[in-house]
Structures are given as C-alpha cells and as structure tokens.
Amino acid sequence: MLYVAEKIYLDCLEEQTLPDGAHFERSPMYHSIICNDLIEIIDLYKKNNIKFYKSDNIKTLKKYFQKYINWYSCITNFDGSPPFFNDTNFSNSLNLNYLIKKAKKILKKNIPSKKNFAKDIVYFK
C-alpha cells in the first residue's frame with residue numbers, strides 16, 4: 001500500500017512541477033504548501049524509521065524540495081512573505097524563512113536558495 005502511495009505522489013510531483021521548479025497552478029500559496037508537504041513527508045519517514053519502497057525516492061523528494069525552495073526564494077518578498085497574485089493570501093501561505101528553518105532542522109543541513117535563479121522563472125518570460 002505504501003508503495004502505491006509513494007508512486008502516486010512522485011508521479012503527481014513530476015506532472016505538477018514546471019521546469020523552473022514552480023507548481024503548475026502558479027500560485028505562491030499552493031507552492032508553499034507543497035514545499036511544506038515535501039519536508040513533512042521526509043520528516044515522517046525519518047521519525048518513524050520507515051524505509052522508502054525504492055531507496056532513491058528520498059533523493060527524489062529532496063531534489064523536488066530544493067527546486068521548490070529555489071523557486072520560492074526568488075518569488076517571495078524580501079521578508080520571505082509570498083507575493084499576492086492568483087489566490088495567494090497570508091492565512092494559507094507559508095513564509096520562506098519558516099520553510100528554510102524547518103528544513104534545516106529536519107534535514108540537519110543548510111538549505112541553499114538561489115536568488116539569481118529568477119532569470120529562469122517562467123513568470124518572467
């Protein structure tokens with residue numbers, strides 16, 4: 001059963017992630033929620049000592065998390081808050097600084113973000 005859930009989730013991530021790392025809905029709010037979900041799934045597996053069905057699935061989740069955090073770091077305001085376009089709002093969006101702090105705690109490493117990545121963002125093309 002867990003294998004099926006992992007496969008569906010990874011397939012959906014692949015389908016819903018644009019080449020620049022943005023979520024296909026192009027909503028900073030949805031993007032922040034998925035970024036948070038990725039780090040929480042990694043944490044859930046670690047805390048409960050659950051093995052991924054395929055050992056490289058954890059690497060795949062971490063790769064997607066890095067893509068998502070890179071995109072979000074380029075699109076957020078200087079204080080880490082999300083910009084207000086599409087249906088983004090403060091009550092449902094997560095601050096970039098919160099996500100980076102949470103990821104550092106769970107992954108036990110610094111989370112690089114790429115502000116110079118903005119030239120590749122689909123919104124700007």
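**Figure 1. Asparagine 86 counts as exposed, at 54% relative accessibility.** Exposed means over 50% relative accessible area, buried means under 20%, and partly exposed lies in between (1.4 Å probe, protein chains only). This is a predicted model: local features need pLDDT of at least 70, side-chain atom pairs count only at pLDDT 80 or more, and totals for chains, interfaces and linings use all residues. Residues are numbered from 1 along each chain as its sequence is written, and side-chain values use heavy atoms, with hydrogens and water left out. Asparagine 86 lies in the loop between H3 and H4. Helices are DSSP runs of H or I with at least four residues, strands are runs of E with at least two, and both are numbered from the N terminus. The phi angle of asparagine 86 is near 55°. That is a positive value in a residue other than glycine.

**Figure 2. Arginine 26 also has a phi near 55°.** Again the value is positive, and again the residue is not glycine. Where is arginine 26 found? Arginine 26 sits in the loop between H1 and H2. Its relative accessibility is 31%, so arginine 26 counts as partly exposed.

Figure 3. Along the sequence the pattern reads α-α-α-α. The protein has 125 residues, and 42% of them are buried. Its accessible surface comes to about 7,600 Å². Carbon and sulfur atoms account for 56% of that surface. These areas come from the Shrake-Rupley method with a 1.4 Å probe; for residues, only the protein chains shown count as cover. Now take the contacts, meaning heavy atoms within 4.5 Å. Among contacts between residues at least 6 apart in sequence, 72% join residues at least 24 apart.

**Figure 4. The largest nonpolar core holds 26 residues.** A nonpolar core is a set of buried Ala, Val, Leu, Ile, Met, Phe, Trp, Tyr and Cys residues joined through side-chain atoms within 4.5 Å. Which members touch the most other members? They are Leu13, Leu38, Phe65 and Ile69. Helices H1 (2–16), H2 (28–47), H3 (57–75) and H4 (96–107) are the elements that give two or more residues to this core. H3 gives the most, with 8 residues. In soluble globular proteins, nonpolar side chains tend to be buried together.

**Figure 5. Leucine 13 touches Ile34, Leu38, Leu61, Tyr64 and Tyr68.** That list leaves out residues up to four places away in sequence. Tyrosine 64 has another partner to look for. Lysine 63 lies over the face of tyrosine 64, at 5.0 Å from the ring centre. For a charge to sit over a ring, NZ of Lys or CZ of Arg must be within 6 Å of the ring centre and within 35 degrees of the ring normal.

**Figure 6. Lysine 102 in helix H4 touches Asn36, Ile39 and Glu40.** Residues up to four places away in sequence are not counted here. Is lysine 102 buried or exposed? At 16% relative accessibility, lysine 102 counts as buried. Glutamate 40 lies in helix H2. Glutamate 40 is partly exposed, with a relative accessible area of 38%. Along the chain, glutamate 40 and lysine 102 are 62 residues apart. Their C-alpha atoms are separated by 9.1 Å.

**Figure 7. Serine 93 is buried in the loop between H3 and H4.** Its relative accessible area is 12%. The serine 93 side chain reaches the backbone oxygen of asparagine 89 at 2.7 Å. Beyond its neighbours within four places in sequence, serine 93 is in contact with Met29, Ser32, Pro82 and Thr88.

**Figure 8. Phenylalanine 84 and phenylalanine 90 form an aromatic pair.** How many such pairs does a search of the whole structure find? It finds 1 aromatic pair. Rings of Phe, Tyr and Trp (its six-membered ring) pair if their centres lie within 6.5 Å; planes under 30 degrees apart count as stacked, over 60 as edge-to-face and the rest as tilted. Here the centres are 4.8 Å apart, with 80° between the planes, and the pair is edge-to-face. Phenylalanine 90 counts as exposed, at 54% relative accessibility.

**Figure 9. Phenylalanine 78 counts as exposed, at 91% relative accessibility.** Phenylalanine 78 has its place in the loop between H3 and H4. Leucine 96 is 18 residues from phenylalanine 78 in sequence. In space the two are 9.6 Å apart, C-alpha to C-alpha.

Conventions
Polar contact = N/O pair within 3.5 Å; in protein donor to acceptor, adjacent residues only side chain to side chain.
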